[in-house]
Amino acid sequence: MTSPDVSWSYTGFHMFRQWLADAEGFTLAEMRGFGGDRAWSSVSTKLTPLLDHADDDGFLTAAQCTAMLPRLKAIIDQLRPEDSDPVLLRRVD
């Protein structure tokens with residue numbers, strides 16, 4: 001293995017992306033590819049490569065991951081101590 005990998009069920013990965021979209025201020029179900037017709041160009045987020053990515057194919061480049069990391073850290077930093085939901089904590093891990 002040459003990089004840290006993560007493995008989720010389709011459901012778990014979808015829940016993770018819903019959580020990130022919510023943190024970014026939009027609803028994933030409104031987006032193209034997730035049942036809606038809203039274009040990805042209508043949202044401004046560094047997380048687009050992860051959010052608008054095939055469930056079971058392809059990879060994210062090192063450059064994409066590097067660009068997304070600060071935003072992912074910022075989202076985690078926004079968690080409050082009362083955010084103790086076990087599903088949420090698994091996403092953060």
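The model is predicted: local features need pLDDT of at least 70, side-chain atom pairs count only at pLDDT 80 or more, and totals for chains, interfaces and linings use all residues. Residues are numbered from 1 along each chain as its sequence is written, and side-chain values use heavy atoms, with hydrogens and water left out.

Start with helix 1, which covers residues 10-24 and holds Arg-17. Helices here are DSSP runs of H or I with at least four residues, numbered from the N terminus. Arg-17 has a relative accessible area of 0%, so it is buried. The term buried means under 20% relative accessible area, exposed means over 50%, and partly exposed lies in between (1.4 Å probe, protein chains only).

What does Arg-17 touch, not counting residues up to four places away in sequence? The list is Leu-28, Phe-34, Leu-50, Leu-51, His-53 and Asp-55. Contact means heavy atoms within 4.5 Å.

Two backbone oxygens lie by polar atoms of the Arg-17 side chain. The one of His-53 is 2.6 Å away. The one of Leu-51 is 3.4 Å away.

**The salt bridges**

Side chains of opposite charge can pair when their charged atoms come close. A salt bridge is a side-chain nitrogen of Lys or Arg within 4 Å of a carboxyl oxygen of Asp or Glu. How many salt bridges does a search of the whole structure find? It finds 3.

| Salt bridge | Closest N and O atoms |
|---|---|
| Arg-17 and Asp-55 | 2.1 Å |
| Arg-38 and Glu-30 | 3.4 Å |

Take the pair Arg-17 and Asp-55, with N and O atoms 2.1 Å apart. This pair links distant parts of the chain, 38 residues apart. Arg-17 sits in helix 1, while Asp-55 sits in the loop between helix 2 (48-51) and helix 3 (62-77). Asp-55 has 42% relative accessibility, so it counts as partly exposed.

Glu-24 is buried, because its relative accessible area is 18%. Arg-71, at 22%, counts as partly exposed.

Arg-38 is partly exposed at 28%. Glu-30 counts as partly exposed too, at 38% relative accessibility.

Methods: Helix = DSSP H or I, 4+ residues; strand = E, 2+ residues; numbered from the N terminus. Polar contact = N/O pair within 3.5 Å; in protein donor to acceptor, adjacent residues only side chain to side chain.
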